[in-house]
Amino acid sequence: MRTGIATVCLSGTLKEKMQACAIAGFDGIEIFEQDLVTSPLTPEDVRKMAADLGLTLDLYQPFRDFDSVSEDLLAANLRRAEAKFKLMARLGMDTVLVCSNVATASIDSDDLRVEQLGQLAALAGDHGVKVAYEALAWGKYVNDYEHAHKLVEAVDHPNLGTCLDSFHILSRNWDTAPIEAFNPEKIFFVQVADAPKLSMDVLSWSRHYRVFPGEGQFELAKFMGHVVRAGYSGPVSLEIFNDVFRQSDVERTAVDAMRSLIWLEEQSAKWLDAASDRGTGTGAGGTQAPGRRRYPMELATLPQVAEPAGYNFAEVRAADTKGLETVLGRLGFEFTGRHRTKDVQLWSLGHARVIINEAAPAYGDDSTGDTSAGDASPAIAALGFDVASPVIAAARAQQLKAPAVPRKSQANEEVFQGFAAPDSTEIFLCQGTSDGTAAWTSEFGEGLEKPAAGPSAVIDHVNLAQPWQHFDEAVLFYTSALALEPQPFAEVPSPTGLVRSQVMATGDRAVRLVLNLAPLNQQRRTYQEHIAFAVDDLVATARDCKARGLEFLQVPANYYEDLDARFGLEPGFLDTLQELNLLYDRDADGEFLHFYTATVGSVFFEMVERRGAYDGYGAPNAPVRHAVQYDHLQHR
């Protein structure tokens with residue numbers, strides 16, 4: 001699949017955008033007119049630079065409000081078009097995007113549109129230019145891609161075809177199956193964009209909320225499957241408008257964009273395989289028979305991996321570890337030992353393992369806009385996941401543009417496959433075992449010779465804060481690289497505003513990763529994150545923790561009055577909850593008990609007990625936690 005991206009997707013100058021696209025590995029680019037108009041580069045400079053970078057110049061865009069106009073406007077439009085065709089010759093470009101008219105003064109006549117588009121196509125033919133006609137979702141009279149295609153067919157000129165844009169099609173809920181019946185020679189260009197499903201006018205939706213494939217809710221694999229089965233073999237190019245990407249680092253955004261197309265290519269191949277197995281769909285050759293077949297556009301796939309089997313460990317990095325050691329000890333964790341060659345400690349409770357890394361933070365600039373050099377307060381630094389094949393899973397992540405973060409290992413030490421997540425958290429892939437043990441723990445010594453028998457525990461979930469400009473990137477990253485599935489997101493109130501919370505999870509919920517969008521007024525490294533541990537009996541665990549002197553997050557008495565009003569709990573049970581600062585939630589599937597520790601640096605811990613089939617995280621209690629933590633932060 002030939003990959004492309006419109007320069008409008010990225011921040012910076014045209015030169016910076018082109019360089020970033022080349023570094024990210026794109027085959028070609030669309031040049032947005034404004035980017036060229038505002039650039040000091042001449043068209044000849046742009047053409048040479050693209051050739052030097054190995055980029056093709058695939059589309060010049062957009063040309064607006066051409067069709068459905070009066071005679072005097074048509075003459076002016078043709079003059080403007082000829083000037084652009086001459087400019088494109090200097091750029092070495094041969095395809096221009098022409099959008100359907102959105103002006104209120106346009107004339108509703110398909111006959112007139114056919115006549116005027118025919119004149120444009122004839123002029124384009126004289127200059128060796130192809131015109132890709134696109135139905136804008138908010139077009140005055142042409143807003144349906146099938147309508148646009150019928151106009152193209154009626155003109156019947158070799159220099160006029162159509163541009164299929166997934167946003168304009170899927171935002172209007174148009175059926176994409178008819179694409180398969182299109183003559184592939186008349187599909188001049190394909191643009192893709194994802195988006196969350198919102199209830200708002202389509203123009204505002206398009207201008208502010210488009211995202212890269214895999215970061216929204218559109219059925220893009222299905223859309224692409226129909227495009228492929230039609231016989232299209234040209235570029236698949238991203239055209240994204242939103243309020244984040246144009247403010248973000250250009251190289252990082254380009255990599256995120258390329259990752260989204262790699263993911264989309266794989267998902268489209270899977271959709272085609274599944275559709276072929278069902279024997280559904282028709283293409284240029286007629287009815288699609290069961291079984292695989294080849295198409296002009298070949299879709300690559302990635303190394304296939306199963307979803308993680310569980311958490312192997314969580315790592316917290318801090319120069320001063322005393323506070324962490326105290327909290328973990330009072331939670332019931334045992335000091336298992338210090339690594340024989342590294343400045344790290346291992347603390348264990350059942351199968352829940354926490355590594356304390358005593359090294360100063362290795363990230364000076366974590367590429368999130370937060371400069372953390374010199375900030376050695378405790379922070380979550382790494383997560384380990386049990387996977388069936390760490391090498392294959394790491395290879396997949398690297399093909400998805402995840403930067404590798406290998407760790408030095410001595411002889412007879414476990415070699416972890418690792419890569420960096422968008423928020424700079426290091427992700428390590430560990431060989432899973434059937435009994436939940438980890439071979440690398442033998443590298444730690446000098447701890448307790450016989451750890452005390454404690455409660456059974458596992459890491460239930462980890463909550464990571466995400467910088468606002470890369471939240472969607474993180475969702476795609478964990479979906480594509482770790483095979484986690486995004487769950488419906490939630491928004492909870494806090495004293496600093498609404499906090500958006502996106503759960504990423506495996507099907508069996510052995511791994512639950514919660515991504516929180518950090519408020520704009522808080523940097524990622526100072527926003528509180530946490531690790532949650534699941535135990536079988538939270539009340540008994542809390543009593544033991546209290547006896548060891550654990551500092552619990554103090555829950556207001558008003559919360560328990562409200563709890564009683566909502567659930568009508570047995571008075572003795574309610575008293576126990578209040579005595580131990582436990583929080584409670586219940587739904588049709590079960591119950592959820594949990595408590596939080598005080599915060600150390602930017603990290604706190606949570607203990608949870610899931611009763612029945614409760615699958616949530618105590619979302620109604622989140623505002624209480626946020627408020628108490630905020631008050632503590634303000635008055636410490």
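The model is predicted, so local features need pLDDT of at least 70 and side-chain atom pairs count only at pLDDT 80 or more, while totals for chains, interfaces and linings use all residues. Residues are numbered from 1 along each chain as its sequence is written, and side-chain values use heavy atoms, with hydrogens and water left out.

Staying on Thr95, you will find this residue in strand β4, residues 95–99 (helices, H or I, of at least four residues and strands, E, of at least two are DSSP runs numbered from the N terminus). Thr95 counts as buried because its relative accessibility is 4% (buried means under 20% relative accessible area, exposed over 50%, partly exposed in between, with a 1.4 Å probe and protein chains only). Leaving aside neighbours within four places in sequence, the residues in contact with Thr95 are Asp58, Leu59, Tyr60, Met88, Lys130 and Ala132 (contact means heavy atoms within 4.5 Å).

Next, display the strands: 8 of them close into a barrel with parallel pairing, in the order β1-β2-β3-β4-β5-β6-β7-β8 (two strands pair if DSSP finds at least two bridges between them). From one strand to the next, the twist averages 30 degrees (angles run from 0 to 180 degrees between N-to-C directions, and axes are lines fitted to C-alpha atoms, for helices over the stretch in contact). Now select helix α9 (residues 220–230), which packs on the sheet and touches β6 (160–165), β7 (187–192) and β8 (236–238), its direction making about 165 degrees with that of β7.

Move on to β7, which is largely enclosed by the rest of the structure, because 6 of its 6 residues are buried. On one side, 4 bridges join β6 to β7 in parallel, and Thr162 has Ile187 as its bridge partner in β7. Strand β7 is also joined to β8, again running parallel, by 3 bridges, and Val192 stands opposite Leu238 in β8.

Finally, select helices α14 (residues 538–547) and α16 (residues 571–580), which pack at an angle of about 35 degrees with their axes 10 Å apart. Val539, Ala542, Arg543 and Lys546 of α14 make the contact with Thr576, Glu579 and Leu580 of α16.
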